[in-house]
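This report describes one protein model for a reader new to structures. Please look over the sequence and the model before reading on.

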Amino acid sequence: NSLLNKPAQIFNCDESGTPLCHKTGKVIVDRKQKHPYVATSDDKSQITVLACANAAGYVIPPMTIFDQKGLNPDRTIGEVPGTAYGLSDNGWMDGELFLGWFKYHFLLTAPKARPLLLLLDGHS
């Protein structure tokens, strides 16, 4: 089963975390500094979004991971229809959340053709 000519069966996923309390302010650096950095808040709360699409352009609804014990429905207003939700102490993806996403979201929303190839970065 070659997947070379089956872009609808080749998927890529990646997650991105966004701090909820970003400390803004002025940054003073030398003009020659190519990559200045900004101090952030001591509050490490964040959300993570896992996005997944195939090589033909089909996009699976995302998974949003919140850093809380229970899901606050107010935080889901305006989300993409079909979004999956996860909870972790720090708002980060972990192996258990990823496995749940794979089994109960990815496999159920991906096209029914098999085999599928899912490309992703390091998860343990």
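Among contacts in the protein between residues at least 6 apart in sequence, what percentage join residues at least 24 apart? The share is 57%. The model is a predicted one.

**Overall layout**

The protein contains one helix and five strands. Read from the N terminus, the elements follow the order β-β-β-β-α-β. Of the 124 residues in the protein, 27% are buried. The accessible surface amounts to about 8600 Å², and carbon and sulfur atoms account for 57% of that surface.

**Strand pairing**

Strand E1 covers residues 10-19 and strand E2 covers residues 46-54. E1 and E2 pair in the antiparallel sense, with nine bridges between them. One example is asparagine 12, whose bridge partner in E2 is alanine 53.

E2 also pairs with strand E3, residues 59-66, again in the antiparallel sense, over five bridges. Here threonine 48 stands opposite isoleucine 65 in E3. The hairpin of E2 and E3 has four residues between the strands. In this hairpin, glycine 57 takes a positive phi near 100°.

**Aromatic residues**

Searching the whole structure gives five aromatic pairs. One of them joins tryptophan 101 and phenylalanine 106: the ring centres are 5.4 Å apart and the planes stand at 35°, so this pair is tilted. Phenylalanine 106 is also paired with phenylalanine 102, and that pair is stacked, at 5.5 Å centre to centre with 15° between the planes.

Where do phenylalanine 102 and phenylalanine 106 lie? Both are in helix H1, which spans residues 95-109. They are four residues apart, about one turn of the helix.

| Residue | Relative accessibility | Class |
|---|---|---|
| Tryptophan 101 | 2% | buried |
| Phenylalanine 106 | 1% | buried |
| Phenylalanine 102 | 26% | partly exposed |

A residue counts as buried under 20% relative accessible area. Phenylalanine 102, at 26%, is therefore classed as partly exposed, while tryptophan 101 is buried at 2%.

Conventions: Residues are numbered from 1 along each chain as its sequence is written. This is a predicted model: local features need pLDDT of at least 70, side-chain atom pairs count only at pLDDT 80 or more; totals for chains, interfaces and linings use all residues. Side-chain values use heavy atoms; hydrogens and water are left out. Rings of Phe, Tyr and Trp (its six-membered ring) pair if their centres lie within 6.5 Å; planes under 30 degrees apart count as stacked, over 60 as edge-to-face and the rest as tilted. Buried means under 20% relative accessible area, exposed over 50%, partly exposed in between (1.4 Å probe, protein chains only). Helices (H or I, at least four residues) and strands (E, at least two) are DSSP runs, numbered from the N terminus. Two strands pair if DSSP finds at least two bridges between them. Contact means heavy atoms within 4.5 Å. Accessible areas come from the Shrake-Rupley method with a 1.4 Å probe; for residues, only the protein chains shown count as cover.
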